[in-house]
Amino acid sequence: MELHQTSAPMSAGLRGPALEGCSNHKPQHAVSRVDPLNPDPSGVAAQSCWAPVDQDFGSFLTEQRCRSPLPQFFSSRAEETCFTESTPLLRNSSQENGCCYFRGNNPEAVLSRSQRMPTDHPEAVMPAASWQSGLAEWEGPNGEAVGSSERRELPVGASGRLHLSRPRRCVRWLKVTGLFVFVVVCSISFSLYPDQGKFWQLLAVSPLESYSANLSSHADSTLLQVDLAGALEVGGPSHPGRDEHVVVEVTQAEAPGSRRRRPQQVTHNWTVFLNPRRSDRLVVSRTFEVLSRETVSIHIRASLQQTQLVPLLMAHQYLRASVEAQVTIAAAILAAVYMLIIFEVVHRALAAMLGSLAALVALAVIGDRPSLTHVVEWIDFETLALLFGMMILVAIFSETGFFDYCAVKAYRLSRGRVWVMITMLCLIAAILSAFLDNVTTSLLFTPVTIRLCEVLNLDPRQVLIAEVIFTNIGGAATAIGDPPNVIIVSNQELRKMGLDFAGFTAHMFVGICFVLLFSFPLLRLLFWNRKLYNKEPSEIVELKHEIHVWRLTAQRISPASREETAVRGLLLGKVLELQQLLARRLHTFHRQISQEDKNWETNIQELERKHRISDRILLAKCLTVLGLVIFMFFLSSFFPGVHLDLGWIAILGAIWLLILADIHDFEIILHRVEWATLLFFAALFVLMEALAHLHLIEYVGEQTALLIKVVPEDRRLAAAIVLVVWVSAFASSLIDNIPFTATMIPVLLNLSRDPEVSLPAPPLMYALALGACLGGNGTLIGASANVVCAGVAEQHGYGFSFMDFFRLGFPMMIVSCTIGMCYLLVAHVVMGWN
């Protein structure tokens with residue numbers, strides 16, 4: 001018995017051609033193929049013609065050609081997820097939406113080949129040549145795999161699509177409709193409120209001259225926000241013996257309805273300390289509750305040691321919502337953004353854009369709508385320039401084959417032992433991130449790790465997550481490793497307290513060493529039940545797919561006739577045979593994995609022949625430019641005479657390398673830039689700044705300070721360290737740690753200067769730095785390095801979700817913060833290292 005297929009296009013295999021017999025046809029050995037993405041519109045090419053040679057088997061196929069339900073399976077998608085293997089050949093198809101697709105030849109052709117092979121043959125599966133020829137159908141003209149979105153658009157049977165895809169289509173329709181309505185409502189609301197530009201008024205005060213003004217109230221106002229700009233300081237005086245300050249008195253009448261005949265005047269005092277360096281300029285703001293619709297008076301006076309005038313700028317505006325209402329709105333917006341990212345409703349860049357839009361609309365409604373110029377100023381362009389420049393450098397660097405070469409060398413150093421290699425990668429990433437920016441370390445290490453995992457048949461996702469976690473841990477060791485540390489060390493008031501570069505690094509380095517000491521065993525424990533190897537090689541995955549096809553095809557056949565019962569019996573027998581073959585192969589594969597890589601010396605020779613440096617001249621140019629860029633990073637950190645930020649250095653390095661590499665096709669380099677990551681960061685900066693304007697970060701800091709004050713004095717320092725570490729950790733895992741650190745520094749400084757509290761400032765700053773840096777491991781968007789690593793991995797086809805990172809990162813954050821907290825308690829509470 002032999003069956004041959006005269007026309008077996010991929011589109012036919014997916015749509016379900018009728019199993020029709022062609023009587024008295026000779027076997028056709030040539031198989032004509034049709035492009036699966038461009039089937040013949042006439043539909044003729046989508047027909048499969050079967051020529052039975054065996055007369056007995058062909059007779060009932062000819063009789064039942066119109067009734068056979070065998071191909072009905074191919075008219076709809078599978079109801080359950082086929083496989084979840086992380087192999088390169090099946091990743092894009094088997095993991096997309098939990099659906100199964102055929103790779104290679106269609107099932108009818110598989111059935112044809114299986115009938116030609118004896119049933120007791122141990123290799124009754126698709127041969128490697130057929131697999132490769134079938135895979136070519138799914139690849140583009142340049143050898144690139146067809147994207148999952150293209151496969152999703154392949155035509156399927158109408159009945160199967162309506163029956164199986166209706167819930168998913170309804171959910172998708174509801175999602176699109178809900179988000180579109182939300183955006184339209186936000187756009188209309190945003191357009192109804194004008195930009196609230198601040199009108200600054202120039203004034204001068206001295207001990208002999210003061211300033212007074214009467215402000216008319218608004219009917220719907222709840223808060224009055226007063227802004228001052230000038231030579232001001234946040235917190236207390238930097239010089240204890242030089243107490244120069246400005247007092248702002250806001251006086252207003254109580255709300256009517258009290259028992260008094262005349263309304264009582266209420267006065268709020270706001271003290272702002274002056275900076276001894278009169279050239280500095282700082283903007284500070286304070287909100288006051290509006291008690292009634294009566295006129296509000298503002299009186300500003302100065303307390304100086306001399307009688308000179310102090311120039312100031314003042315602006316005011318009325319807000320329509322209380323601080324509690326604004327904090328509630330900000331928390332709701334932040335929670336909604338996290339829901340969109342966690343459940344992957346939309347891409348994380350779009351989720352951040354939607355959150356930014358909602359926060360801007362909230363500011364507009366309460367009466368604090370910023371202008372477009374002001375919103376653009378919220379974006380940290382230094383970080384975006386650093387990312388863009390380093391992405392260009394890495395894109396050109398990848399053309400040299402250096403990443404493949406490094407992967408092979410790492411494999412040789414580990415002598416084939418996977419855990420030794422992972423430990424080496426994480427340790428090197430932690431050491432480099434202590435001296436380089438975390439983002440730079442992630443951009444340099446992620447391509448190397450991906451190529452190394454591909455060479456060793458490992459799943460890159462788990463290795464990348466572990467690597468970026470240790471990048472964040474190592475960045476907390478020095479004053480230049482993470483942005484929160486840079487912000488703390490750059491504060492002039494803290495420097496005067498002795499918190500300089502050397503002292504900060506000495507304290508943090510010891511603590512991070514303890515954290516690393518406990519983090520590596522924890523990482524091994526978290527990976528205890530996870531297989532770092534890809535679950536099965538490609539031949540086992542192929543065999544599983546074929547078993548799944550045969551089983552579902554047999555289930556689709558209704559045993560209504562003798563012929564259909566016979567076909568179903570043949571298919572079920574084939575399933576049993578393939579399952580036995582799969583069990584033998586899995587047993588052999590697992591035995592090889594349990595023995596690890598015993599033949600690493602043989603493998604390393606083959607890998608070294610395959611993965612070599614492809615362009616040594618370009619490699620020399622790349623290494624030279626990258627070395628200069630890293631050297632300039634160090635130079636700008638230690639020598640203030642170098643007036644170049646990290647973003648400028650990265651951009652200049654990218655321009656240098658573009659000139660030296662003589663890149664003609666510039667678009668190819670631009671295609672490798674993670675534009676989605678850059679857009680996500682820009683939207684995230686706007687979102688966090690808008691949430692700060694809604695007083696969310698300030699509210700968290702004030703509540704932390706209030707909790708510290710209620711603790712008894714003998715245990716106040718220990719309680720303050722514990723609270724600051726954990727509040728900073730959880731806040732940094734949810735919001736950007738840069739604005740949070742900048743907001744918490746003045747709060748903690750005021751707390752340390754409060755005579756009722758009397759806490760030393762350095763231990764609080766170390767707790768803030770540890771919590772802000774280590775807390776970034778809690779979620780995917782908790783640190784910039786996490787987002788960069790996820791973007792680069794997604795570009796290489798190994799993207800990991802929010803929950804994938806959370807399952808590993810959050811336990812690591814809890815343990816690392818616990819170790820860091822214990823270190824601070826021993827050092828500053830027990831030993832008194834203050």
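A residue is called buried if its relative accessible area is under 20%, and by that cut-off S221, with a relative accessible area of 13%, counts as buried. The model discussed here is predicted, and it comprises 834 residues, of which 51% count as buried.

**Overall make-up**

- The protein has 32 helices together with 11 strands.
- When contacts between residues at least 6 apart in sequence are considered, 83% of them join residues that are at least 24 apart.

**S221 and its surroundings**

- S221 is located in the loop that runs between β4 (211-215) and β5 (223-230).
- Leaving aside residues up to four places away in sequence, S221 touches V290, Y318 and L319.

**Packing of α12 against α23**

- Helix α12 (residues 381-397) packs with helix α23 (residues 616-638) at an angle of about 155°, and their axes are 10 Å apart.
- Because angles over 145 degrees count as roughly antiparallel, α12 is described as roughly antiparallel to α23.
- The crossing of these two helices, α12 and α23, is left-handed.
- On the α12 side the contact is made by L386, M390, L393, I396 and F397, while α23 contributes L618, L619, C622, L623, V625, L626, V629 and F633.
- Sorted by class, the residues in the contact of α12 with α23 comprise 13 nonpolar, no polar and no charged ones.

**Packing of α16 against α31**

- The axes of helix α16 (residues 460-475) and helix α31 (residues 784-795) cross at roughly 155° and come within 10 Å.
- α16 and α31 are therefore also to be read as roughly antiparallel to each other, and α16 passes α31 in a right-handed crossing.
- In this contact, L464, V468 and N472 of α16 meet A785, N786, C789 and A793 of α31.
- The contact of α16 with α31 divides by class into 5 nonpolar, 2 polar and no charged residues.

**Aromatic pairs and a cluster**

- One aromatic cluster is formed by Y338, W726, F730, F802, F806 and F810.

**F730, a member of the cluster**

- F730, one of the residues in that aromatic cluster, is found in helix α28 (residues 716-734).
- With a relative accessible area of 36%, F730 is partly exposed, since that class covers values between the buried limit of under 20% and the exposed limit of over 50%.
- Not counting residues up to four places away in sequence, F730 touches F810, M813 and I814, and F810 is also listed in the aromatic cluster.
- The C-alpha atoms of F730 and T779 are separated by 9.6 Å, although these residues are 49 residues apart along the chain.

Methods:
Residues are numbered from 1 along each chain as its sequence is written. This is a predicted model: local features need pLDDT of at least 70, side-chain atom pairs count only at pLDDT 80 or more; totals for chains, interfaces and linings use all residues. Side-chain values use heavy atoms; hydrogens and water are left out. Axes are lines fitted to C-alpha atoms, for helices over the stretch in contact, and angles run from 0 to 180 degrees between N-to-C directions. Helices (H or I, at least four residues) and strands (E, at least two) are DSSP runs, numbered from the N terminus. Angles under 35 degrees count as roughly parallel, over 145 as roughly antiparallel, 65 to 115 as roughly perpendicular and the rest as oblique. A crossing is left-handed if the near helix is turned anticlockwise from the far one by less than a right angle, and right-handed if clockwise. Contact means heavy atoms within 4.5 Å. Ala, Val, Leu, Ile, Met, Phe, Trp, Tyr, Cys and Pro count as nonpolar, Asp, Glu, Lys and Arg as charged, and the others, Gly among them, as polar. Rings of Phe, Tyr and Trp (its six-membered ring) pair if their centres lie within 6.5 Å; planes under 30 degrees apart count as stacked, over 60 as edge-to-face and the rest as tilted. Buried means under 20% relative accessible area, exposed over 50%, partly exposed in between (1.4 Å probe, protein chains only).
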